[in-house]
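Visitor: I have a structure to study and would like to talk it through. Could we take it one topic at a time?

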Amino acid sequence: MLKKALVCGAGGFIGSHLVKRLKRDGYWVRGADLKYPEFSETAADDFRILDLRELPNCEKALALGPGERFDEVYQLAADMGGMGFIQTAECEIMRNSALININMIHASAKNAVGRYFFSSSACVYRDMAPDELELTEEDAYPSQPDNEYGWEKLYAERIAMAYGRRSNIPIRIARFQNCYGPEGTWLGGREKAPAALCRKVAEASDGGTIEVWGDGTAMRAYTFIDDILDGITMLIHSNLENGVNIGRQEYVSVDELVRTVAEVAGKNIHIQHISGPVGVKARNFTNERIKSLDWKSKISLKEGLSRTYPWIKSQVDKSRSSRT
Ligand code: NAD
């Protein structure tokens, strides 16, 4: 009998790729989201359009035939976006994502699902100085996240673990660092830095100038979608409890990120720094826990961008030609 997986947030970037991976791995998959994936057909066997802030809708997402239950639930649905969105939609994030997380774990416990995965974030950690030693997962406490998105993730981690303890459901929690790749949001205000910068470079002419928020020195690591999917599927089947960092340890400044995109695009690009939401100054996390499962990031930033930039450029070209 095929294993059954429910992917919440299956219309989104990571969720839609995760559905493809689970199908490749031989699962029967149901997706649930407010919307279908934007850029390609869903690979799910069954897809339900549901607002998962509502408990009855979480029940509908989990409903199967008599005596059946999901072996695995992947909870990736969230009111989510890049730093511009995180800093302007605090109430939506705190309310919508919390409601989804409260109701989904409650319904999953009631339905005695086999395992439960929650997508948390490196935003649960405090800001760091650029040369600070690596933070471990335990360093999320005492807590001082930089934004409300991080506080909501911490709460959601805790409520999932509380239900897991009571209902004896293995809860597995990944704390992702910035994830990027093809078929992610690239326009509209919710896009994250790698997609926004790929779009700006694609729109610019060779020798042109793009605007970049902040002074370009903020340090970040960016993880290609395939590495994140490896991490999710290894983690859910592991015995690792509590939050687990998943991110490539290749830290670059925002300006270095722009230079790598420009190199991949084969363009000479100048940067104009403008004021805008940037977030924390630096990140530096240990990956020892996920590496204990033999996880290893396989895709360098340059390689990941060479797979992502052409897709974003094709979207830019398509939207230009539809306007003319
Ligand atoms: P995404 O925005 O592409 O996907 C989230 C999906 O959730 C969207 O399709 C959205 O429609 C859906 N959703 C929102 N509200 C909903 C509701 N009320 N009911 C049902 N569905 C709803 O984001 P993503 O990049 O794929 O991120 C997936 C998860 O990973 C999120 O929980 C996010 O916080 C987390 N995460 C992502 C990153 C990253 O870099 N992408 C980093 C850290 C953590």
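Visitor: What does Arg199 form a salt bridge with?
Guide: In this predicted model, Arg199 forms a salt bridge with Glu191. Their closest N and O atoms are 2.7 Å apart.

Visitor: Are Arg199 and Glu191 buried or exposed?
Guide: Arg199 has a relative accessible area of 11%, so it counts as buried. Glu191 is buried too, with a value of 14%. The cut-off for buried is under 20%.

Visitor: Why can such side chains pair?
Guide: Side chains of opposite charge can pair when their charged atoms come close.

Visitor: How many salt bridges does the structure hold?
Guide: It holds 22 salt bridges. One of them joins the side chains of Lys110 and Glu59, at 2.9 Å from N to O. Lys110 belongs to helix H4 and Glu59 to helix H2, so this pair ties together parts that are 51 residues apart in sequence.

Visitor: And how exposed are Lys110 and Glu59?
Guide: Lys110 is exposed, at 59% relative accessible area, whereas Glu59 is partly exposed, at 22%.

Visitor: What about Asp317 and Lys313, how far apart are they in helix H10?
Guide: They are 4 residues apart, which means a separation of about one helical turn. Asp317 and Lys313 form a salt bridge whose closest N and O atoms are 2.8 Å apart. Asp317 is partly exposed, at 32%, and Lys313 is partly exposed, at 28%.

Visitor: Which residues are linked in a network of salt bridges?
Guide: Arg21, Asp230 and Lys298 are linked in such a network.

Visitor: New topic. At what angle do the axes of H6 and H10 cross?
Guide: They cross at roughly 55° and come within 9 Å. That angle makes H6 oblique to H10. The crossing is right-handed.

Visitor: Which residues make that contact?
Guide: From H6, they include Arg199, Ala195 and Val201; from H10, they include Lys313, Leu305 and Ile312. By class, the contact has 8 nonpolar, no polar and 4 charged residues.

Visitor: Now the backbone. Which peptide bond is cis?
Guide: The bond from Tyr141 to Pro142 is cis, with omega near -10°. Pro142 lies in the loop between strand S5 and helix H5.

Visitor: What is the phi of Glu183, and of Asp294?
Guide: Glu183 has a positive phi of about 65°, although it is not a glycine. For Asp294, also a residue other than glycine, phi is near 75°.

Methods
Residues numbered from 1 in each chain as written. Predicted model: local features only at pLDDT ≥ 70, side-chain atom pairs only at ≥ 80, totals over all residues. Heavy atoms only, no water. Helix = DSSP H or I, 4+ residues; strand = E, 2+ residues; numbered from the N terminus. Axes fitted to C-alpha atoms, helices over the stretch in contact; angles between N-to-C directions. Parallel < 35°, antiparallel > 145°, perpendicular 65-115°, else oblique. Left-handed = near helix turned anticlockwise from the far one by under 90°. Contact = heavy atoms within 4.5 Å. Nonpolar A, V, L, I, M, F, W, Y, C, P; charged D, E, K, R; others polar. Salt bridge = Lys/Arg side-chain N within 4 Å of Asp/Glu carboxyl O. Buried < 20%, exposed > 50% of the residue type's maximum accessible area, 1.4 Å probe, protein only.
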